Amino acid sequence: MTTSAIEQDGRRATARRTFLGGAGLVLASAGTLAALPALGAEAQDVAIMQGALALEHEGIAAYRLAGGSGLLSPATLKIALVFKGHHEQHRDSLAKLIGQAGGAPVQPKSDADYAKELNLGTLKSETDVVTLAAKLEQGATNAYAGQVAAISDHKLVHLFTQLCSDEAVHWTTLNNALNKPIPTQAYLFG
Amino acid sequence: MSVLPRLSFPCGVAFVVAANIFAATTAWALPAGDATNGKNLYEAKCGGCHSVDENRVGPLHRGVVGRVIASASGYQYSAAIKKLGGTWTPERLDKWLQGPQAVAPGAKMFFTVDDPAQRRDIIAYLVSLTPAGASH
């Protein structure tokens with residue numbers, strides 16, 4: 001499946017009106033209806049999650065493919081696999097929530113697609129791999145921080161702050177490994 | 001601005017590319033941004049989903065200024081953005097970056113760049129990304 005499915009899934013989710021189990025946004029009575037977000041907010045939240053899931057799929061593929069490249073030292077590989085595990089947990093959370101909302105979680109692309117899109121063939125050293133990973137983590141952190149304001153459900157906002165924080169830790173670790181200075185200006189992301 | 005392609009293109013192609021870029025750049029009423037800073041901002045803020053030369057979560061950006069909206073080859077656009085019509089100009093990109101959902105409700109993108117100076121710099125960088133095959 002490609003990201004073109006994002007909107008379709010969102011529309012499907014709107015029709016079903018069951019969202020984020022445990023979040024309290026369920027159809028039960030007129031009383032709970034008043035607490036629902038405006039029509040379309042639910043579908044928008046699902047669409048945002050689908051984009052996030054596509055990002056997580058890409059991150060998992062990047063760490064998996066780079067990890068198997070033979071370019072990483074054992075110590076770096078160990079860290080890369082930890083980060084890959086984080087992304088897999090993010091993937092599972094997002095896919096579960098999308099499914100609970102009635103959507104079909106966006107599926108990963110092929111390894112060949114990811115290798116082309118991320119230009120993995122140009123990676124020649126551990127530094128190249130870590131530099132790419134740092135860029136992807138920085139982009140993901142910004143992507144999450146920059147979308148939070150568009151999310152309606154508060155529990156989903158919480159999840160996105162968790163995702164964002166994890167990616168920030170990844171970026172910081174990788175940035176330090178590259179001996180790059182910590183930016184002096186605050187508000188590094190968003 | 002030195003983004004017009006040389007006449008090494010087939011004549012018709014060169015004319016179309018030049019006309020699009022000319023229209024995009026001459027219609028730019030925004031103050032010029034810093035493309036160098038824009039590159040850094042682009043990589044940090046847009047790089048999670050976009051690349052210059054490859055479609056990823058979002059479409060590739062080389063040649064986006066002056067390009068017909070929703071026309072990056074191989075990228076599957078939302079119905080919302082397909083309906084927009086016209087070409088990407090700096091002004092339209094500025095509005096887009098302020099709120100994609102306000103421009104095209106139902107589009108895939110929700111990320112916003114709220115700082116006008118940052119938007120100007122990012123757009124200046126996008127202007128500098130000449131279409132593949134074009135040269136300064």
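What follows goes through the pockets and then the cavities.

Keep in mind that this is a predicted model. Start with the largest pocket, which has a volume of about 900 Å³. It's lined by 32 residues, and the closest to its centre are Gln138(A), Asn142(A), Leu188(A), Leu41(B) and Ala44(B). The elements giving two or more residues to this lining are α6 (126-145) and α7 (154-177) from chain A, plus α2 (35-46) and α6 (116-128) from chain B. By class, the lining splits into 14 nonpolar, eleven polar and seven charged residues.

Now for the second largest pocket, at about 550 Å³. Leu118(A), Asn119(A), Leu132(A), Lys135(A) and Ser51(B) are the closest to its centre among the 23 lining residues. The largest share of that lining, five residues, comes from α6(A). Here you'll find seven nonpolar, six polar and ten charged residues.

On to the cavities: there are four of 30 Å³ or more. Of its 37 lining residues, His50(B), Gly58(B), Pro59(B), Trp96(B) and Met109(B) lie nearest the centre. Its lining has 25 nonpolar, nine polar and three charged residues.

The second largest cavity contains about 180 Å³. Its 19 lining residues include Gly59(A), Ala62(A), Tyr63(A), Leu136(A) and Glu137(A), the closest to its centre. Both α3 and α6 of chain A supply at least two lining residues, with α3(A) giving the largest share, seven. The lining divides into ten nonpolar, four polar and five charged residues.

Key. Residues numbered from 1 in each chain as written. Chains lettered and ligands numbered in written order. Predicted model: local features only at pLDDT ≥ 70, side-chain atom pairs only at ≥ 80, totals over all residues. Heavy atoms only, no water. 1 Å grid on protein atoms, 1.4 Å probe; cavity = no way out; pocket = protein on both sides within 12 Å on 5 of 7 lines; lining within 4 Å. Points joined across faces, edges and corners; volume = space filled by probe spheres on them. Helix = DSSP H or I, 4+ residues; strand = E, 2+ residues; numbered from the N terminus. Nonpolar A, V, L, I, M, F, W, Y, C, P; charged D, E, K, R; others polar.
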